[in-house]
Amino acid sequence: MKPNSLTRLLILVGLLAAPSLLAQQMPVPPPSTWHPQSLGHAIANMVIFAAIGLAVAIIGFKVFDQCTPGNLAKEIVENKNVAAAIVAAAVILGVCIIIAASMVG
C-alpha cells in the first residue's frame, strides 16, 4: 500500500472506532421524564393537553373550511348535507389523530 492509502485507512478505522471508545468512557445520563408525580399533576396535564387538542382541532377544521369552496358549516347546518358532514367528521378525526400522535411523541 501507498503511504497515502495507509493514512486514509487509519483515519477511517479511527473514525469508526471513536463512537464506541467515547461511549465506554462517558457515563450515560438518566432519561429525563415529564411524567406527573401525583394525581393533581396528571389531571393538570390532561386538562392542558385537552385544551390544546381541542383548540388545534377547531383551527384545523376552520383551515380546511377556508380551503374548500363554499361554507362547510352552513352546508351542514342549513342544507342538512350528510356528505358534507361525513367529510367534516373525517377531517376532524384526521386532525385529532395527528394531534394525539404528536402529544404521545
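Analyst: A residue counts as buried if its relative accessible area is under 20%. In this predicted model, 10% of the protein's 105 residues fall under that cut-off and count as buried.

User: What makes the span of H2 close to the expected one?

Analyst: The expected span is 1.5 Å times one less than the number of residues. H2, residues 39–67, has 29 residues, and 42 Å is expected. From its first C-alpha to its last, H2 reaches 42 Å, so the span is close to the expected value.

User: How does H4 do on that count?

Analyst: H4 has 23 residues, for which 33 Å is expected, and it reaches 33 Å from first C-alpha to last. Its span is therefore also described as close to the expected one.

User: Which residues of H2 and of H4 are buried?

Analyst: In H2 they are Gly53, Ala57, Gly60, Phe61 and Asp65. In H4 they are Ala84, Ala88, Val91, Val95 and Ile99. An α-helix has 3.6 residues a turn, so residues three or four places apart point the same way.

User: What do these buried residues pack against?

Analyst: Those of H2 pack against H3 (72–77) and H4 (82–104). Those of H4 are covered by elements including H2 and H3.

User: Why is H2 called oblique, rather than antiparallel, to H4?

Analyst: Two packed helices are described by the angle between their axes and the distance between the axes. The axes of H2 and H4 come within 9 Å and cross at roughly 140°. Roughly antiparallel needs an angle over 145 degrees, and roughly perpendicular needs 65 to 115, so H2 is oblique to H4. The crossing of H2 past H4 is right-handed. On the H2 side, the contact is made by Phe49, Ile52, Gly53, Val56, Ala57, Gly60, Phe61 and Phe64. On the H4 side, the residues are Val87, Ala88, Val91, Ile92, Val95, Cys96, Ile99 and Met103.

User: Why is Ile92 called partly exposed?

Analyst: Partly exposed lies between the buried cut-off of 20% and the exposed cut-off of 50%. Ile92, in helix H4, has 34% relative accessibility, so it counts as partly exposed. Ile92 and Val56 are 36 residues apart in sequence, and their C-alpha atoms are 10.0 Å apart in space.

User: And what makes Ala89 partly exposed?

Analyst: Ala89, which also lies in H4, has 37% relative accessibility and therefore counts as partly exposed.

User: Why is Lys80 called exposed?

Analyst: Exposed means over 50% relative accessible area. Lys80 has 64%, so it is exposed. Lys80 sits in the loop between H3 and H4.

Notes:
Residues are numbered from 1 along each chain as its sequence is written. This is a predicted model: local features need pLDDT of at least 70, side-chain atom pairs count only at pLDDT 80 or more; totals for chains, interfaces and linings use all residues. Side-chain values use heavy atoms; hydrogens and water are left out. Helices (H or I, at least four residues) and strands (E, at least two) are DSSP runs, numbered from the N terminus. Buried means under 20% relative accessible area, exposed over 50%, partly exposed in between (1.4 Å probe, protein chains only). Contact means heavy atoms within 4.5 Å. Axes are lines fitted to C-alpha atoms, for helices over the stretch in contact, and angles run from 0 to 180 degrees between N-to-C directions. Angles under 35 degrees count as roughly parallel, over 145 as roughly antiparallel, 65 to 115 as roughly perpendicular and the rest as oblique. A crossing is left-handed if the near helix is turned anticlockwise from the far one by less than a right angle, and right-handed if clockwise.
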